[in-house]
Amino acid sequence: MIPSDGRSAEGRGELNRSGNPTPVLQVNDLKKHFPLRGGLLGGSSAGASIQSEYMPRGHPLGNTVVDAEGYERGFGFLRGCAVDQHFFARNRTRDMTGLMTRYPPYLGIGIDEATAIVVKGSVAEVIGRSKVGFYDWSKGKPSGDQDYIEVKTGESFDLIRRAKR
């Protein structure tokens with residue numbers, strides 16, 4: 001994660017050339033000012049999940065537990081969202097359905113392997129080899145067999161309107 005001003009954006013200290021720790025931008029400062037700078041933020045696997053407000057699979061003993069009390073808080077760069085990864089490759093659609101049942105206000109985002117979302121403003125564009133599932137249960141369980149909106153590479157989803165574009 002590197003903001004446009006070139007400073008490190010990790011939430012920890014770093015050692016400079018002399019071996020002394022130097023302060024770096026803290027996560028809370030980054031959340032407040034990052035969107036205004038037009039910086040770039042990236043992460044894969046757990047690095048994608050921790051960017052959301054709610055972090056599925058944060059259990060310290062393994063990734064089979066979807067919601068582990070005390071370990072569900074992400075950095076919050078994607079406010080109001082819960083991001084899961086390796087989504088379709090590991091058949092995690094039912095896990096997200098369960099999470100949405102417990103926490104319907106969140107927008108569930110299931111990102112598959114070798115796939116990413118590029119968020120500009122409120123729009124998430126899907127890039128990569130596969131697809132992303134967006135779960136909007138804010139008005140109750142969606143009707144039909146599939147409880148998510150499938151967005152393929154090259155397509156976009158509006159995170160505020162919660163609709164495919």
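Select Glu-155: this residue is partly exposed, with a relative accessible area of 26% (buried means under 20%, exposed over 50%, partly exposed in between, with a 1.4 Å probe and protein chains only). The model is predicted: local features need pLDDT of at least 70, side-chain atom pairs count only at pLDDT 80 or more, and totals for chains, interfaces and linings use all residues. Numbering runs from 1 along each chain as its sequence is written, and side-chain values use heavy atoms, without hydrogens and water.

Lys-164 is partly exposed at 38%.

Next, pick Asp-158, which is buried at 8%. Its salt-bridge partner is Arg-161, with the closest N and O atoms 3.8 Å apart; Arg-161 is exposed at 57%. Asp-158 also stands opposite Ala-163 in E11.

Now show the open sheet of 4 strands, ordered E6-E7-E10-E11 with antiparallel pairing (strands are DSSP runs of E, at least two residues, and helices runs of H or I, at least four, numbered from the N terminus; two strands pair if DSSP finds at least two bridges between them). E6 (115–120) and E11 (163–164) are the edges, each with a single partner strand, so one side of each has no neighbour in the sheet. E10 (156–158) pairs with E11 over 2 bridges.

Move to Lys-131 and Glu-150, a salt bridge with the closest N and O atoms 3.3 Å apart. The pair joins strand E8 to strand E9 (149–152), 19 residues apart.

Finish with Arg-57, Asp-84, Arg-92 and Asp-95, linked in a network of salt bridges.

Technical notes. Salt bridge = Lys/Arg side-chain N within 4 Å of Asp/Glu carboxyl O.
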